[in-house]
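Student: I am new to this structure and would like to know what the labels used for it rest on. Can we go through some of them one by one?

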Amino acid sequence: MDVKWEKEGANWEVAFMNLGKEMTVALDKKGVVTETEVPIVATELPAAAMKYIADKFKGKPILSADKITAGTKVTYEVVVQKGKAMMFDENGKYLKTGKD
């Protein structure tokens, strides 16, 4: 199993394959899981996120999409343009654009 560990501030992030998909898990300094990130297909995005992307990026394909879970909070990260990641809440409401 190929596992990659990376230090992020005071926390650790580990990436590994789970059921054929690369999954990322963030752990605090005590080893408690603080966040998970798993790739999804575009059809798994909330309808409102899909509409926002279709309206703002007509005809451009989604390069990647991830579902991020931190406790009970779910967000989605979507990349349409290399280097830029859009964040959406669990209902598909646009939150912000950051670096990919």
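Student: What is valine 80 in contact with, leaving aside its neighbours within four places in sequence?

Tutor: In this predicted model, valine 80 is in contact with Ile53, Phe57, Lys60, Pro61, Ile62, Leu63 and Met86. Contact requires heavy atoms within 4.5 Å, so each of these residues meets that cut-off with valine 80.

Student: What makes up the largest nonpolar core?

Tutor: It has 12 residues in all, among them Ile53, Phe57, Val80 and Met86. Helix 1 (47-56), strand 6 (73-81) and strand 7 (84-89) each give two or more residues to this core. Strand 6 gives the most, with 4 residues. A second, separate core has 5 residues, including Phe16, Met23, Val25 and Leu27.

Student: Why is tryptophan 12 called partly exposed?

Tutor: Its relative accessibility is 36%. Buried means under 20% and exposed means over 50%, so tryptophan 12, lying in between, counts as partly exposed. Tryptophan 12 is placed in strand 2 (residues 11-18). Together with Val3 and Trp5, Trp12 makes a nonpolar surface patch of about 310 Å².

Student: How do you know that leucine 19 is exposed?

Tutor: The cut-off for exposed is over 50%. Leucine 19 has 85% relative accessibility, so it counts as exposed. Leucine 19 is found in the loop between strand 2 and strand 3 (21-27).

Student: What is the phi of leucine 19?

Tutor: Leucine 19 has a positive phi of about 55 degrees, although it is not a glycine. Most residues other than glycine have a negative phi.

Definitions and conventions. Residues numbered from 1 in each chain as written. Predicted model: local features only at pLDDT ≥ 70, side-chain atom pairs only at ≥ 80, totals over all residues. Heavy atoms only, no water. Patch = residues over 30% accessible without salt bridge, like charges linked within 9 Å, V, L, I, M, F, W, Y side chains within 5 Å. Areas by Shrake-Rupley, 256 points an atom, 1.4 Å probe, with all protein chains shown as cover. Salt bridge = Lys/Arg side-chain N within 4 Å of Asp/Glu carboxyl O. Buried < 20%, exposed > 50% of the residue type's maximum accessible area, 1.4 Å probe, protein only. Core = buried A, V, L, I, M, F, W, Y, C linked by side-chain atoms within 4.5 Å.
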